[in-house]
Amino acid sequence: MEVSQSIILQSECKHCETPVKEDHSFCSECGFPLKGSDQDVAKFYAKRVMDKRKTNNAHEKIKAARKTLFIIAAIITVFGFFIYYKTQDLVPLTINLVVSVVYVVLGVWSKQRPLIALILGLLLYLTLIIITAIADPLTLVAGILWKILIIGYLAKGIYSASSINKVA
Amino acid sequence: MIILCKNCNYIFETEVKFCSQCGQAVVKNVSSTKLKKVATIIGFYVAMLVYMLLVYYVETTFPNNLEAEIIVVIGFACIVLGFASFDLKPVLQLYNNKAIKFKHIVFAVITPVVTSFVVYFFIGFINSLVAEGASVNYFQEYLYLDYPLFWATFFIALMPAVIEELAFRGVLFNALKEVTTTRLTIIATAFLFAVIHFSIFSFLWIFPFGLLLGFLRSRYNTLWLGMIIHFIHNFIILMIDYYNFYNY
Ligand SMILES: [Zn+2]
Ligand SMILES: [Zn+2]
């Protein structure tokens, strides 16, 4: 009686109830230590809590990076109107509006495809910095803290989006 | 499919999330290679971007200088080949011509005739709208040399067709394909290809042009069609400039 019960217990993972083979030391579905001591089981649950916190943290970072895309769109729009009031020239205003529309599209798109949208957002941002630096090298240092902050948020989002196992 | 646990080298014949022998998460390795590919994509693009800035200063400091132009082209080729060498085999496979049939060659010759004329008239239209967008005459740029048409063809048509195709449809395409779907890879490479040309107006035609080249790259797994189209397209634009220079 006791023997058959232990076989039943052995053939199913205690944590996720996936059937397991007898020669397995760990559940291949959730990593539960099938032959481990109480201490191993405690470690397993502690690790799960840590992993969950890590994933939540990654999602937070992606969210912050998504917001950054919209902030870039807003900044570029404001600058476009600022230049327009100074010069009354429609061309730079149009260019800025087109670029901020691209950022809004990337921002919306990053909900489904965070990794690729954030990569394109970052690389476009770096390109814009270089283009304005060619036109006027002084712009490279103007608002440098803001630029570093924006690049930092996007980079963290990209790092998190490539760390979580999801199709980008 | 055979999966190997990186921690204890145990082999699985079916997909598992955790190693049944040592308890390590097996899928975790996917994200670390993904991270490496993402770093390659960003690193490669940023290297090209910084190089473009450098080229700008070289060209303004040494205008009309053949040595400077050749060094610039060699430098760009070195960056692309350097990044290609990280993962050389899939890049070399793109220089095959197995899937190319006669009808593809015909397509690759006719398409750029259409695209180059569309682009030429589109640029003319934009210039009539925006007065300051005075476009350069590509042929005129090389008049300081002995054989301007030869050098213009070399720098404007041949080198971009060979190096840019390897850079965007080769290296960048391969790296992006590892982290996302084929469809998104085509869109992303076309986007970056258009963005790095530094002009909002040319973005409007380079982006669809890049989509076409990316599609051909993924459909036929070769760079040859892209190189032919890219070369003929740039060459026709150059020939229009050549014609305009001697007739107007
Ligand atoms: Zn389990
Ligand atoms: Zn293992």
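Helices here are DSSP runs of H or I with at least four residues, strands are runs of E with at least two, and both are numbered from the N terminus. The model is predicted: local features need pLDDT of at least 70, side-chain atom pairs count only at pLDDT 80 or more, and totals for chains, interfaces and linings use all residues. Residues are numbered from 1 along each chain as its sequence is written, chains are lettered from A and ligands numbered from 1 in the order in which they are written, and side-chain values use heavy atoms, with hydrogens and water left out.

**Stop 1**

Select B:F18. This residue sits in the loop between β2 and α1 of chain B. Now show its contacts, meaning heavy atoms within 4.5 Å. Leaving out residues up to four places away in sequence, B:F18 touches A:C27, A:S28, A:E29, A:C30 and A:G31 in chain A. In chain B, the residues touched are B:G23, B:Q24, B:A25 and B:V26.

**Stop 1: all of chain B**

Zoom out and colour chain B by secondary structure. Along the sequence the pattern is β-β-α-α-α-α-α-α-α-α. The C-alpha atoms fill a box of roughly 80 × 45 × 35 Å along the principal axes.

Switch to a surface. Accessible areas come from the Shrake-Rupley method with a 1.4 Å probe, and for residues only the protein chains shown count as cover. Chain B exposes about 13200 Å², with carbon and sulfur atoms supplying 67% of it. For single residues, buried means under 20% relative accessible area, exposed means over 50%, and partly exposed lies in between (1.4 Å probe, protein chains only). Of the 248 residues of chain B, 45% count as buried.

**Stop 2: the β1-β2 loop**

Select B:N9, in the loop between β1 (3-4) and β2 (11-12) of chain B. Most residues other than glycine have a negative phi. Phi of B:N9 is positive, near 65 degrees. At 54% relative accessibility, B:N9 is exposed.

Step on to B:Y10, in the loop between β1 and β2 as well. B:Y10 is partly exposed, at 34% relative accessible area. Beyond four places in sequence, B:Y10 contacts B:I3, B:L4, B:C5, B:C19, B:S20 and B:Q21. The C-alpha atoms of B:Y10 and B:S20 are 8.8 Å apart.

**Stop 4**

Select A:E17. Look in the loop between α1 (2-10) and α2 (38-87) of chain A. A:E17 is not a glycine, yet has a positive phi of about 65 degrees. Its relative accessible area is 56%, so A:E17 is exposed.

**Stop 3: helix α1 of chain B**

Select B:V58 in helix α1 (residues 28-61). B:V58 is partly exposed, at 24% relative accessible area. B:V58 touches B:A68 and B:V72, not counting residues up to four places away in sequence. From B:V58 to B:Y138, 80 residues apart along the chain, the C-alpha distance is 18 Å.

**Stop 6**

Show helix α4 (residues 102-129) and helix α7 (residues 200-220). They pack at an angle of about 170 degrees, with axes 10 Å apart. α4(B) is therefore roughly antiparallel to α7(B). Among the contact residues are B:H104, B:F107 and B:F122 of α4(B), and B:W205, B:F209 and B:Y220 of α7(B). Axes are lines fitted to C-alpha atoms, for helices over the stretch in contact, and angles run from 0 to 180 degrees between N-to-C directions. Under 35 degrees is roughly parallel, over 145 roughly antiparallel, 65 to 115 roughly perpendicular and the rest oblique.

α7(B) and α8(B) pack at about 150 degrees, axes 9 Å apart. They are therefore roughly antiparallel to each other. The α8(B) side of the contact is B:L225, B:G226, B:I229, B:H230 and B:H233.

Finish at B:A99, in the loop between α3 (88-92) and α4. B:A99 is partly exposed, at 30% relative accessibility. B:A99 touches B:H104 and B:Y220, not counting residues up to four places away in sequence.
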